[in-house]
Amino acid sequence: MIRQIYFEFRKHFLKFPVCAAVIFFLLLDAFQISGVYQEKSIFSMMPEWRGRYESLYPVYGGLITEEKIRDLMAHYRPLKAEGNLRPGSEYEEALMLEKCFVEPLQYAYEYRQNAAQITKRALENADFYQQMGNGCANRKNQQIAGMFSGRRIPELCYTEMYQYYLQYDFSVFLVLLLVIYGLVNVFVLEKETEMELLLQTTIQGKRKSAAAKLLASILFAISISLLFWFADFLLFGCLFGSFGGGNCPIYAIEYFETSPLSMPLFFFALFAMGLKTAGILVFGMAVLLLSRLCRNTLLPFVGSILLIGSCLLAYDADLPSACNPVSLLICRELFHWVDFIDLAGIPVLTWQLCFGTALLMLTAFSAVILYDRRPGPKSHAFHIHMKRRDTKSPKTPKNRQE
Amino acid sequence: MDILKFEARKMFRYRRGPVYVFLFLVSELFLLSAGAPANPEMYAHKDDCIWYLNQIGGQLTEEHQKFLEEEAAAMSQADSAVQTAYKQYFDGLISQDTLEENVESPFATLERKAGFHVIYEQYLYARQDPAHRYLLNTNGWEALLSRGGLDLPLILVLFLLLAPIYCDEGKSQMDTLSLTMKKGGTFLSRYKILYSVLVVLALNVSGMAAELLFVSEKYGLPNGNFPLQSLSCYGTSTKELSLWSAYFLTIALETAGSLCLDVFILFGTALTKKYAPVLLGCMAAVFLPVYGFSQTIRYTLPGPAGFLTPSGFLRGDQTAVDSLTGESVTVFGEISLSGLLLRLALTAALCLFMIAAVQRKNSGKWKHHSFRTISKLSALCAAVFLTAGLFGCAGPASREISDTIHDNGKASERISYCLSDAGHYETDDYRIEAKEDENLELHLTAEDKHTGRQFPLVRDVFEDSYEVMPCIYGNGNYVYYIKMTVDKSETILYSMYEHLLVQEVNLKDFSERTILKLRMNEKNLLGAIFQTKSADWSYYLALLGFFLDKDYVYFISSGDISRVSYLTGKREVLIEAPLLSSVAYDGQNIYYLNERFRLVKFSLSEQESQVMSDKIMQQFTLPPAVSTQAESKNIESINASAANLLLHHAHA
């Protein structure tokens, strides 16, 4: 079986055009990421800040202590008062301190208190709902209290790289294109050359070969996705000049202030990669299913574009997205808010539901691909019968003469 | 000629050509009819605007400026005259007859106020460059000229129709056969290219003719000789073009773009004889520059992408403000006419090279392919099923919301909502109120009538991340309120709010859910692939109140009442009236005071307004409990009591 999977993989994916497309898209991705860096990073807008930041980081960065805060404010306040709005070196210094140290430090310092407030309110709510006899809301608030209790940001880190890496999803678009391109051929290739009849007569044919194709396709989708996600990560790290901040909790980035998760940023990056890959796999299996059902490449290709386009539009129009795999592709939005969905009185976090439906869809698609009996013995006979009828019909010979 | 006929028969009889063309035309028409006018206010007050434009349309002269300024002064004078007159009447200083006399001439002046407002806005824009910016009805021209995105149906139908021209025989390796024929090879290939060009031209012409007809019918296309800069999106352009010449240039460029795409497809299919790599390449060539990269790159690269979105070639410089330093930065530099010609020549050279390559490669003889009906049907079913499945459960979920709201309405039967009570709602058990505390922060509090205990209604634990609006709506055991979530991502330039949520609270167990969610800022999806228009958040910030039924949420602001559908999230203005101070809703009708302070009933089922009495009133309320047993008498009884109550208030 492994040999067969390897063979299918080599046949469909280890081809020159696929590899060339992957390399070309990687280059495009790198180009786009450098654009993000140019446009958004503080240090690309103010290159002279970087040196100053690096010299001040050991003084004010790292573990947050009362002493460091006092030193920083003693440095910052006079500058702010004197520099006012007059452009000059003091003004620049004050602006740099504000953007790079004071604002992040303030956020980090206040977060602990905010989280404690949220926990307190959630516990109050839980009590209130218990009195009202609303079990579901009670459980929700208890979960929230559990999530937020004891949250704090102990360190001041440079998290700009993670911030923009987690906001970046152009590579998802590229991977989707590549996956359509790779998978749309998998079942069509033999049909187009009418070789699939031959396949039926071999021992390894029929379902075994379908299974091998399916597994090879999954392998392809996963490897392409991971290749791009890791390339993104490395490129972001190199361009922003730091991989640091990976051990800060996810809520150290302001966008994830109310996130239901509290894992470190590095693990969240890995986790997001997994979710995105799951989303890509769902679309990949849909493409594969179309490829299984059609007899040439054109229709499944255009069908896949339509399918993905309509899912994107539906997501963009804010239609309920729990069943829409695009929400896994843009997974940062799932972790922006603590968002519950009631399933028969049990509160489930939206990302869990999204992930669950994606898994369900994956298994359903794979099952249909595997257990679709066409072209089996029966339909094979039917196919031949249709062919005969075709040649007998008066139209065809006439056309041939033309 | 025979070969052309033969190619046409292949495309239209054996490759489902008519189906694709039909789908293309249907989707084009659907997209056109679904599009909203660029300036909805001008569309709504078209007659008034045209009345003004007939007088002062065209170039802005001294006289026109004088006329507009005088008219603006007259309008504001009339406005204050009306207000003074009514104030005097309500204070009992003048009688109704005197009032009628006093307000007659101001109202005559104010008759075209809404239209004047639109024209005045345009005047403010035109005043900055009177030589190039003329006053005209812009909606039609904006619809034709300002589209920034791709014409997706056209591109897909081009893929479907053109890719098989070479691929069909190539994939079964019959193309070599054609080389052996007398009229095969380059001869056949020449006709294939000619035929594909004809198809592209026909599709383009039919699509554009449909667009032109539709637009001229819906919005009208007056004053085609006015300069292009009259449209606000071309305001900074330095090209001396009239609107018609700009339109013809646009369609010429778009046709050039489709022809270029055609050559790309033919080149790829003739060379590789495979669908997948060609389609991937063409998709990348079209979609990536448009959605992935900046405009500068899109219009610099030779290829179809720039020409398929031709508006950028006519635009002027675009600037944006740097968020860190506050300086303005040029985002997109205008492309000069010579630059456009250079790009066109480059792309044409590329296309000629590709055609030469296709001719060199030659092509083969066509082989008939039969598609099994079953696979066709199953593919279609699968596509429909998948789309329906993946689309999310939009239909059922919204339906569910509507059903419960409908039931609520039925259960309580008597709906009586008044704008004056927008911050207050009472049931048998609870009293809900919007209160400001000493720090001027707004809280919605619920009070248990039996125990007197007070507690907050909004129980969201993330207090920093949202703001509550000071209005509530209650219906039976359900209370509705509006909250706006605060945006903390970097898109803060556009709006500080992320979503507007209409929340429903069940007073039985205080469970809460969202029934309407409107996005307030731009969403960045897959690297700015979609940039849909976000809702106008400033409108929602100034809300006075709201109410809802099973299909819509109705928002009341000081100048209008508009409704937003649960399904589409689109806002449409229902009623326009200045100074909406008193509004009521009884489940079927909206009652409000028009500009002459007369009570007007707006029937939601018939979408018609009707002035109910000649009495002048300042305020009115609906009686809280109207007997609704006799359905036919329901409205009358409300009318009567409403009028009575009104009298009561007006002369108090």
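User: Before we start, what counts as a contact here?
Analyst: Two residues are in contact if their C-beta atoms, placed from the backbone, lie within 7 Å. Keep in mind that this is a predicted model.

User: Got it. For chain A, what share of the contacts with a separation of 6 or more comes from residues 24 or more positions apart?
Analyst: In chain A that share is 74%.

User: And for chain B, what's that share?
Analyst: For chain B, residues 24 or more positions apart make up 60% of the contacts with a separation of 6 or more.

User: Back to chain A. What's in it in terms of helices and strands?
Analyst: Chain A has 18 helices and four strands. Of its 402 residues, 39% count as buried.

User: How is chain A divided into domains?
Analyst: There's domain 1, covering 2-41 + 158-380, and domain 2, covering 62-156. The centres of these two domains of chain A, taken over C-alpha atoms, are 36 Å apart.

User: How many residues are in contact between domain 1 and domain 2 of chain A?
Analyst: 12 residues of domain 1 touch 13 residues of domain 2 in chain A. By class, the domain 1 side of that contact has eight nonpolar, two polar and two charged residues.

User: OK, switching to chain B. How many helices and strands there?
Analyst: Chain B has 22 helices and 19 strands. As for burial, 36% of its 652 residues count as buried.

User: Show me a sheet. What's the strand order in the five-strand one?
Analyst: The order is β3-β16-β17-β18-β19 in chain B, an open sheet with antiparallel pairing. At the edges stand β3 (417-418) and β19 (608-616) of chain B; each has a single partner strand, so one side of each has no neighbour in the sheet.

User: How many bridges does β17(B) make with β16?
Analyst: Three bridges, in the antiparallel sense, with β16 of chain B spanning residues 583-585. Across that pairing, Val583(B) stands opposite Tyr592(B), and Ala584(B) faces Tyr591(B).

User: What's in the turn between β16(B) and β17(B)?
Analyst: The two strands form a hairpin with three residues between them, and Gly587(B) in the turn has a positive phi of about 105°.

User: And on the β18 side, how many bridges join it to β17(B)?
Analyst: Five bridges join β17(B) to β18 of chain B (598-603), and the strands run antiparallel. Leu593(B) stands opposite Leu599(B) in β18(B). The hairpin of β17(B) and β18(B) has four residues between the strands, and Phe597(B) takes a positive phi near 60°.

User: There's a four-strand sheet too. What's its order?
Analyst: That open sheet runs β4-β5-β6-β7 in chain B, again with antiparallel pairing. Its edge strands are β4 (424-426) and β7 (454-456) of chain B, each pairing on one side only. From one strand to the next, the twist averages 25°.

User: How many bridges between β5 and β6 of chain B?
Analyst: Seven bridges, with β5 at residues 430-436 and β6 at residues 442-448 of chain B, paired antiparallel. Within that pair, Glu433(B) has Thr445(B) in β6(B) as its bridge partner.

User: Last topic: Asp317(B). Where does it sit?
Analyst: Asp317(B) lies in the loop between α17 (311-314) and β1 (318-321) of chain B.

User: Why is Asp317(B) called exposed?
Analyst: Because Asp317(B) has 12 other C-beta atoms within 10 Å, and a residue is exposed at 12 or fewer.

User: Which residues is Asp317(B) in contact with, leaving aside its neighbours within four places in sequence?
Analyst: Asp317(B) contacts Thr236(B), Thr330(B), Phe332(B), Gly333(B) and Glu334(B).

User: And what separates Asp317(B) from Gln607(B)?
Analyst: Their C-alpha atoms are separated by 45 Å, with the two residues 290 residues apart along the chain.

Methods: Residues numbered from 1 in each chain as written. Chains lettered and ligands numbered in written order. Predicted model: local features only at pLDDT ≥ 70, side-chain atom pairs only at ≥ 80, totals over all residues. Pairing = 2+ DSSP bridges. Axes fitted to C-alpha atoms, helices over the stretch in contact; angles between N-to-C directions. Buried ≥ 20, exposed ≤ 12 C-beta atoms within 10 Å, placed from the backbone. Domains from an automatic or database assignment. Nonpolar A, V, L, I, M, F, W, Y, C, P; charged D, E, K, R; others polar.
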